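Student: I have just opened this model and would like a guided look inside. Could we go through it together?

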Amino acid sequence: MKNQNIIKVEKERIYQTVIRLECPRFPLDNMDALNATADYIASELTSYGLKVEIQEFKIEGFDESFKNVIGYLGEQSSPALLLGSHYDTVQNCPGANDNLSGVAISMEVARVLAQMENPPSVIIVAFTLEEGHPWIAKQVRNECVKHGLFDSKFRFTSAKMQEFNKTFLRLYRKYFQQGKKGVAVIEAVKKELECKLSEDETLYLDILIKATKSVADKSSFSIPHYVVGSNHYVKKILQDKTKIKGAIVFDTVGWIKSERHTQKTLPFPQEMTRLFKIDLENEVGNFVGIFGDNNSTVLLNQYLKNCKDETVDMPYFGVNVPFDYPQIAEKIPDLLRSDNAPFWEAGIPALFLMDTANFRSELYHTPADTSAAMDFETLQKLAQAAVKTILDGR
C-alpha cells in the first residue's frame with residue numbers, strides 16, 4: 001500500500017508548481033507576488049480537500065499583514081506530522097530552489113495523501129519571512145539612500161563600498177559560525193576592521209547595527225532576525241496545544257551535482273554522520289543533507305530508512321546532532337538558519353533538509369536561482385520518502 005501511494009507522486013506536478021510560482025517574492029519589492037503565492041498555495045491545498053487556515057500577523061514598520069498558510073489533513077484531534085517550507089525570497093531572486101522546491105514537495109505530498117480513503121493526520125505549512133525581518137532591510141535601505149551609500153535602486157554608489165560589502169559578508173559568516181548572533185556579529189566585524197575602516201564603511205556598519213538592534217530589542221523570539229513566520233507559527237501551536245509528532249522542513253533541496261569538486265566540506269565529525277551513495281572523497285554534490293537534533297533521532301531514522309528504500313534510492317548526508325537547541329546555537333548555528341529552528345527550540349522533533357545551499361552552489365540567493373538549474377527527480381524522491389515516513393508513523 002505504501003509503495004502504491006509513493007508511485008502517485010508526480011514529478012511533473014512538482015515541476016509545474018515551481019514554474020507557476022517562480023518569481024521574486026521579497027516583501028519590500030514584491031508584496032503582491034508574495035501574497036499571490038500564499039493565495040495560490042491556499043487554493044491548491046483546498047482543492048485537494050485539506051482544511052486551510054491563514055495565520056496573519058503584523059510586524060513593525062508595515063501596514064500589511066503577513067501570512068502563514070496552514071493546511072490540515074486527516075483527524076485533527078490526532079497528533080500530526082508536519083511538513084514545512086517557506087515561500088518568501090531575498091531581493092531580486094526568483095527563489096525556484098530557495099524555496100519553491102520545498103513548497104512543491106509539501107504540496108505534492110498533500111495531494112497524494114488526500115486521495116486516500118482514510119488519510120493520516122498531517123499539517124502542511126507554508127511559512128513567510130524565513131529570509132529575514134524586512135523592517136531591518138527597510139531601515140538599512142532608507143538610511144543608506146539618505147547618506148548616499150545607495151542609489152535609488154538600492155545599489156552601492158561606489159565600487160569601493162560594493163567590494164567592502166563582500167568583505168563584510170565573509171566576516172559576518174565567520175562570526176556567525178562561531179555562534180554570535182544579530183548585533184553581536186556586526187559588532188565583531190566592526191571591531192576586527194576598525195583600524196582600516198573609512199568614514200563611509202563605518203557609517204554603513206553603524207546603520208546595520210542600529211537597524212538590527214531595533215528589531216532585537218522588541219522581539220519576543222530568541223532568533224528575531226529571520227525565520228519570522230515559523231517563529232509566529234510555533235508560538236501559536238504551543239498556545240493552542242496543537243499535537244505535533246514532529247516536523248519535516250524542506251529548504252533549498254534541488255541543486256544536485258554528479259561532477260567531482262561540486263561540494264564543499266561540511267563541518268560534521270564522522271560519528272554524527274550516516275551516508276548513503278555519496279562520494280565525499282571526490283567532493284561530489286549528489287546528495288541532500290538531512291539533519292536532526294537530539295530530540296529527533298526516531299524521526300531521522302524513519303526518513304533515512306525510507307530514502308534508502310529501493311523504490312526511492314535517494315543519496316543522503318544524514319546527521320544525528322547529539323545536542324539540544326542551546327548547544328546547537330553555540331556550536332553549529334548554521335543548522336538554525338531555516339524554519340526547523342523554532343521547532344528545535346520548543347523541543348519538538350524536526351528534520352531540516354537542504355542540498356547544503358552555499359556549500360554547493362554559487363546560485364544561492366542570486367537572480368540565477370531558477371527552475372532551469374534544479375533536479376526534479378530529487379524532489380520527487382524526497383516527496384516519496386516523506387509519504388512513506390508519514391504512513392510509517394500512523
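This is a predicted model: local features need pLDDT of at least 70, side-chain atom pairs count only at pLDDT 80 or more; totals for chains, interfaces and linings use all residues.

Tutor: Residues are numbered from 1 along each chain as its sequence is written, and side-chain values use heavy atoms, with hydrogens and water left out.

Student: Which residues have the most contacts inside the largest nonpolar core?

Tutor: In soluble globular proteins, nonpolar side chains tend to be buried together. A nonpolar core is a set of buried Ala, Val, Leu, Ile, Met, Phe, Trp, Tyr and Cys residues joined through side-chain atoms within 4.5 Å; buried means under 20% relative accessible area, exposed over 50%, and partly exposed in between, with a 1.4 Å probe and protein chains only. The largest one here has 92 residues, and those with the most contacts inside it are Ile290, Tyr303 and Leu353.

Student: Which helix gives the largest share of this core?

Tutor: Helices are DSSP runs of H or I with at least four residues, strands are E runs with at least two, and both are numbered from the N terminus. Eleven residues of the core, its largest share, come from residues 96-114, which form helix H4.

Student: Where does Thr356 lie?

Tutor: Thr356 is buried, because its relative accessibility is 1%. Its place is the loop between strand E9 (350-354) and helix H13 (376-392).

Student: Which side chain does the side chain of Thr356 join in a polar contact?

Tutor: Contact means heavy atoms within 4.5 Å. Leaving aside neighbours within four places in sequence, Thr356 is in contact with Gln263, Leu266 and Phe287. A polar contact is a pair of N or O atoms within 3.5 Å; within protein, one must be able to donate a hydrogen and the other to accept it, and residues adjacent in sequence count only if both atoms are side-chain atoms. At 3.1 Å, the partner is Gln263.

Student: Is Asn231 buried or exposed?

Tutor: Asn231 sits in helix H9 (residues 228-240), and its side chain reaches the backbone oxygen of Val227 at 3.0 Å. Its relative accessible area is 4%, so Asn231 is buried.

Student: Which residues is Thr17 in contact with, leaving aside its neighbours within four places in sequence?

Tutor: Thr17 belongs to helix H2 (residues 11-21) and is buried, with a relative accessible area of 8%. Leaving those neighbours aside, its contacts are Ala104 and Met107.
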